Every structure is written in structure tokens, then in C-alpha cells.
Amino acid sequence: MAKQFIISISREYASGGHDIAEKIAAHFGVELYDKNILDAIGAEKGVDLTGFKRADEKIMNVLTSRTVNGFNSSPEYALAQMQFDFIKEKAESGESFVICGRCADYVLKENPALISVFVLADDLAKTERIMKIEDCSMPQAIKLIEKRNRGRKEYHNQFCKTKWGDSRCYDMCINSTRLGIDATADFLIDYIEKRNA
């Protein structure tokens, strides 16, 4: 497609949202930004951001950070702002891309090229998926899913005025359990093509 499009995929942990994002990016032949975004920023700026990876998509500790004249001392805040600026620059350059998380649904909400999607899944499907991937018990999988989703929610809600997972904040919310990963990706690809027609 010649027309610019930006696909923001927010997702529950273990919903298959990342796999769906990979399939969409591969179908359209565009870049997928996810945890590799730090490598992309580092390559563009000529800096090594390896040490920042542990702060990626983490909330600020309000007890150990302080804000003076609009500048915050938190590495989590600095990293988030760096990513938000990168996302905005890519969008303003006219590049089409797919991005997972990083508050892109909010950061780019005014961009007409944005299509924002929230991927969820049934609890049992998520649990079984993590049990298989992590080779762990059902209680361990449930605990991990709750922890990761809590982290995603806290991160999004700390940096955005919208709420993570609120259906009113996305173009579409879709349960990947209904169609499966591949068919959900195909459905979204069809939707994207129709939106951009």
C-alpha cells in the first residue's frame, strides 16, 4: 500500500498479540518495533542503550525520582520519552510500521495514519500458552500472566491519559481465542487494507 499506515498493537500477555504483529508486519513488508526499538534508537543516535533494557516499559519509582523544571531523573521516564520521540519521528517521516506497546496508541492518537488494536484472549488459552512456552505449571503460568499484565497496565496508565485495555481508546479490540492467531492476523490485515483503501 502506498498510503502510510501505522499499526499499534497493545495486548494482554500471552494473547498472541506479538505473533499477530509479526504476521501483519511481514504481510505488508514493514518494520516491526517492539523490544528491538532500543537497538533502532541506538543505531540512529550512535549510542549503546543496552544498559537501559531493564527499564524498558517499566514504571517510574516516584520515591527515587524527582522532577525539576519538567525534567525527570528517572531512567524509566527518560527511556519512555526517548521511545515516544522515536515513534513520533517515524510517524512524521511518513514511514509505515507496526509497533507493539510503548503507548503508541496514545502517543500517536492524533495521527490519521494510526490504526490501534488491542488483542486479548480467554484466560484458559493464555494460561495454556504460557504453560507450553515457559514449561511451567498452571499456577505459575497464571501468576506470570497476572504480573506481566499488571506491569503493562501500570506502565501505560502512568504515561497516558487513557486507560490500558479500555475499548473506547482503540479502533478495535479482538479476542484471538475466537479465530486463532493466524486467522486473527488475517482478519486484521483485511481490516487494515479496507481502512487504507
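Leu-124, Met-138 and Ile-142 together form a nonpolar surface patch with about 250 Å² of accessible area, where a patch takes residues with over 30% relative accessible area and no salt bridge, nonpolar side chains (Val, Leu, Ile, Met, Phe, Trp, Tyr) being joined within 5 Å and like charges within 9 Å. Accessible areas come from the Shrake-Rupley method with a 1.4 Å probe, and for residues only the protein chains shown count as cover; a salt bridge is a side-chain nitrogen of Lys or Arg within 4 Å of a carboxyl oxygen of Asp or Glu.

This is a predicted model, in which local features need pLDDT of at least 70 and side-chain atom pairs count only at pLDDT 80 or more, while totals for chains, interfaces and linings use all residues. Residues are numbered from 1 along each chain as its sequence is written, and side-chain values use heavy atoms, with hydrogens and water left out.

A search of the whole structure finds eight aromatic pairs, which require ring centres of Phe, Tyr or Trp (its six-membered ring) within 6.5 Å, with planes under 30 degrees apart counted as stacked, over 60 as edge-to-face and the rest as tilted. Two of the pairs involving Phe-118 are listed here.

| Pair | Centre distance | Plane angle | Class |
|---|---|---|---|
| Phe-118 and Trp-164 | 5.2 Å | 80 degrees | edge-to-face |
| Phe-118 and Tyr-170 | 5.2 Å | 50 degrees | tilted |

Phe-118 is buried at 4% relative accessible area, and Trp-164 also counts as buried at 16% (buried means under 20%, exposed over 50%, partly exposed in between, with a 1.4 Å probe and protein chains only).
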